[in-house]
Amino acid sequence: MEELINKAKEYVSQLYREQPSEKFLYHNFEHALEVMTNVEEIGINSGLDFHELSLIKLAAIFHDTGWIIDADNHETKSSEIAKDFLASNGLNQADISKVVDLICITDLKTMPKTILQMVLRDGDILHIGKKGFYKRSQLLRAEKKIFKDKIFTELEWVESNIDFLIANKFFTEYANNNYETKRQQNISKLNNKRDEMMAKNINTTDQSENNPDKIPEKKKDKNTGRGVETMFRNTIRTHVEFSSMADSKANIMISVNTLILTAVAAFLVKSLDTNPHLILPTIILVISSLSTLVYAISVTKPKITSGLFSKDDVEKRNVNLMFFGNFCNMDLKTFEWGMNELIKDSEFLYSNMIKDYYYLGKVLGEKYKKLRITYSIFMYGIIISFIVFGLAIFLSSRQTIINP
């Protein structure tokens, strides 16, 4: 299989050598080699065997060759190129099908399901969790201009990269453990860069108010409105991610303490008759686990609202239509009317966005406050319980026997 991989590398290298180098600035042979190295790193650390690694390396080397033929449909074209080459070099049909399926998963609109698909997807986008991501993305920006005639302003490109980083997460445990922190740092850096650019634009607009010939009024309004909407979109999306993280952490606490209470009920309780010195530490452990469980459940417990609003609420601008809890029990006709009123009034629209942002932040703050209490109870409860268990066993004159 190693010989076939080397032949594939030489074949793909030749395909790119036949193309003008100034055209393929990002999706080139160097990118293919990088992805192949990435999938090998992730695959080895994800427990793939030699044959699986070989198939995924073949998929990596061919995954972007379709750009040479059709940039808009490159996954399909890449699959066809790989299929023809592998068949002509004697690879069996079952393995060819696996390679083709792997190449198709590099389409970011698809969802990887198998570990091989996850490894290849992570390998293809591993640069989002590395240093120098934005500098390298400029090559893709230039390539899009060549292939698709897409021209981005610096602010538009920054916003596009923020959206890309937020929308694409790692699927393998290895990539998450080793590259997720840097992905989050890259998001933060780009958010700061975008905010600086937006502030600079606003300052430029303010300085030009006395000279309307310099910057047309229409253009100023458009840029400012776009910047504000982008700010709301990205900050709210970030808050939603933090909320999801809080729920995940709470679920961990729920699972761990449920197991602890189950273990106590199954083993310790039935042994307390013969081990009375363990009653106090068992009570402490049960109380700390129950308290942790209650607080963890309160983090994920949803709040129920009426889900109704009146036309009078809309007319007086006293309702937030951006939150589902305010309309989930409304009929469609009234909701459509309310949304149309919202769309027609930009001040009402921005007010709703601000309210949505504010209340989302309030909920998030409450969640993390409870989550902090949850982890504190668990940490100190476990420490105290084990100390008391140790002292009880050490100081007791009886032999401790736990009935299975």
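Colleague: How many aromatic pairs does a search of the whole structure find?

Modeller: The search finds 4 aromatic pairs. Rings of Phe, Tyr and Trp (its six-membered ring) pair if their centres lie within 6.5 Å; planes under 30 degrees apart count as stacked, over 60 as edge-to-face and the rest as tilted. This is a predicted model, in which local features need pLDDT of at least 70, side-chain atom pairs count only at pLDDT 80 or more, and totals for chains, interfaces and linings use all residues. Residues are numbered from 1 along each chain as its sequence is written, and side-chain values use heavy atoms, leaving out hydrogens and water.

Colleague: What makes Y11 and F62 a tilted pair?

Modeller: Their rings are 6.3 Å apart centre to centre, with 45° between the planes. Y11 lies in helix α1 (residues 2-17) and F62 in helix α3 (residues 50-62), so the pair ties together parts 51 residues apart in sequence. Helices here are DSSP runs (H or I, at least four residues), numbered from the N terminus.

Colleague: Why is F62 called buried, and Y11 partly exposed?

Modeller: Buried means under 20% relative accessible area, exposed over 50%, and partly exposed in between (1.4 Å probe, protein chains only). F62 has 0%, so F62 is buried. Y11 has 33%, so Y11 is partly exposed.

Colleague: Why is the pair of F62 and F85 tilted?

Modeller: The ring centres are 5.4 Å apart and the planes stand at 45°, so this pair is tilted. F85 lies in helix α4 (residues 74-88), so its pair with F62 of helix α3 ties together parts 23 residues apart in sequence. F85 is buried, as is F62. Ring pairs link Y11, F62 and F85 into a cluster.

Colleague: What makes helix α6 mostly covered?

Modeller: Of the 10 residues in helix α6 (residues 115-124), 8 are buried. Among them are L116, V119 and L120.

Colleague: Why does M379 count as partly exposed?

Modeller: Its relative accessibility is 42%, so M379 falls in the partly exposed class. M379 is found in helix α14 (residues 346-395). With Y380, I383, I384, I387, L391, F394 and L395, M379 forms a nonpolar surface patch of about 870 Å² accessible area together.

Colleague: What is the mean pLDDT of the protein?

Modeller: The mean pLDDT (the predictor's confidence in each residue, from 0 to 100) is 81, and 84% of the residues reach 70 or more. Over residues 214-224 the pLDDT is below 50. Where pLDDT is low, the predicted coordinates should not be read in detail.

Key. Patch = residues over 30% accessible without salt bridge, like charges linked within 9 Å, V, L, I, M, F, W, Y side chains within 5 Å. Areas by Shrake-Rupley, 256 points an atom, 1.4 Å probe, with all protein chains shown as cover. Salt bridge = Lys/Arg side-chain N within 4 Å of Asp/Glu carboxyl O. Helix = DSSP H or I, 4+ residues; strand = E, 2+ residues; numbered from the N terminus. Contact = heavy atoms within 4.5 Å.
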